[in-house]
Amino acid sequence: MKRVTKLDLLFLVSIIFISISFGFYLHKYHIIPYAKLKWLLNQHLATHSHNNKITENRRQNHYGFWSIGIYKGSTPFNLFDPEDIENPVISAKDITDIDADFVADPFLIFKDNTYFLFFEVLNRVSGHGDIGYAESKNITKWTYKKIIIDENFHLSYPYVFEWEKKYYLIPESSQDLSVRLYRANSFPDSWEYEGNLLSGFPYTDPSVFRYQNKWWLFISIPGHNVLNLFYSDNLIKGWQPHPLNPIVKFNKHIARPGGRILIFKDKIYRFAQDDEPRYGLQVYAFEVTELSEKSYNEVKLLKNPIIKMTGKGWNATGMHHLDLQSINNQWVAAVDGRSL
């Protein structure tokens, strides 16, 4: 082991001082706002540690840290890993256009007798997530296509939906301190950035839905222990915070969104990932019993968790996401699982 000298320490202190001085210079002259400067510094440190851990996991398991599967169910709340599907249906080894560490956060669209799956792909080279997609004709065999959205910051949780015969996608873009909206120029593989729904804070896992002629948005924050609600008459602009925010506070078990909001028999259900004692253990379901611009209430379903780790295979140690949809008279859920 090399002995650390006073000269080594002096050099290290000098480098740190120069880096901090340069950062605050950028802030002082409004090149980078302070909040974003602080966020980028924290993200750099977290990403370095996170990537080292992921790389080690990647060496140990061919699925990657997270992978994607398909569940089925007789009802939305009675899901199982079907025998006719070999899960995971998409994993890191299926990604052909970049070097992927894992895939996660799947969202499903059924259009023209074809299943489309949109998901995060963690790029090992850049260290941030891109948005990719895959297709299937029978939901059992999937073909990975390509990366469709690649920004110079991390993207995940590609919440894709249809509105007025157009397809939109809202990913998590917390590193950009924004909630970004994309519109499909040509579905499924060409997307254009439309603008920000919210800006100025590292929002996580934005989950949008329309109910009683109004748009609603569940969204969490770093720390995974707070859930906020926003609403608007217009999808693209005019978003307002709910007066009861935060509607969930200081509870890592139920605060962070865990997939698409489900409206079933005119009832609203939200899904929450359990992040305590560690990230991404299982997913709980809640029925929203009261929703207005002034009020909010919910109740946890008796049958919970909806999905959970199995102790073996591709989802041995965690599951933290599902997108539930009724397709061809059956309930189908795109889910993800952690193998290590």
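The side chain of Asn315 makes a polar contact of 3.1 Å with the side chain of Tyr71, a polar contact being a pair of N or O atoms within 3.5 Å, where within protein one must be able to donate a hydrogen and the other to accept it, and residues adjacent in sequence count only if both atoms are side-chain atoms. A second polar contact, of 2.7 Å, links the side chains of Asn315 and Thr310. The model is predicted, so that local features need pLDDT of at least 70 and side-chain atom pairs count only at pLDDT 80 or more, while totals for chains, interfaces and linings use all residues. Residues are numbered from 1 along each chain as its sequence is written, and side-chain values use heavy atoms, with hydrogens and water left out.

Asn315 lies in the loop between strand S21 (307-308) and S22; strands (E, at least two residues) are DSSP runs, numbered from the N terminus. Asn315 counts as buried because its relative accessibility is 2%, where buried means under 20% relative accessible area, exposed over 50%, and partly exposed in between (1.4 Å probe, protein chains only). Apart from neighbours within four places in sequence, Asn315 is in contact (heavy atoms within 4.5 Å) with Tyr71, Met309, Thr310, Gly337 and Arg338.

Another buried residue is Tyr133, at 4% relative accessibility. Tyr133 belongs to strand S5 (residues 129-136). Residues up to four places away in sequence aside, Tyr133 touches Phe116, Leu117, Phe118, Phe119, Tyr144, Lys145, Lys146, Ile148, Pro188 and Asp189. Between Tyr133 and Pro106 the C-alpha to C-alpha distance is 9.0 Å, with 27 residues separating them in sequence.

Asp112, in the loop between S3 and strand S4 (114-123), has a phi near 55°, a positive value in a residue other than glycine. Asp112 is exposed, because its relative accessible area is 61%. Lys265, in the loop between S17 and S18, also has a positive phi, near 55°, and counts as exposed at 70% relative accessibility.

Cis peptide bonds are found as well. One joins Asn245 and Pro246, with omega about -5°; Pro246 sits in the loop between strand S14 (240-241) and strand S15 (248-249). Another joins Glu276 and Pro277, with omega about 10°, and Pro277 is in the loop between strand S18 (267-273) and strand S19 (282-291).

The second largest pocket is lined by 19 residues, of which Tyr159, Phe161, Glu162, Arg260 and Ile261 lie nearest its centre. The elements giving two or more residues to this lining are strand S3 (100-111), strand S7 (156-163), strand S11 (204-211), strand S17 (262-264) and strand S22 (322-327). On a 1 Å grid over the protein atoms alone, a pocket is an open set of points where a 1.4 Å probe fits, with protein on both sides within 12 Å along at least five of seven lines; lining residues have an atom within 4 Å of a point. By class, the lining has 14 nonpolar, 2 polar and 3 charged residues.

Finally, the protein averages a pLDDT of 88, and 82% of the residues score at least 70; pLDDT is the predictor's confidence in each residue, from 0 to 100. Over residues 18-41 the pLDDT is below 50, and this stretch has 21 contacts in the model beyond near neighbours in sequence. Where pLDDT is low, the predicted coordinates should not be read in detail.

Key: Helices (H or I, at least four residues) and strands (E, at least two) are DSSP runs, numbered from the N terminus. Ala, Val, Leu, Ile, Met, Phe, Trp, Tyr, Cys and Pro count as nonpolar, Asp, Glu, Lys and Arg as charged, and the others, Gly among them, as polar.
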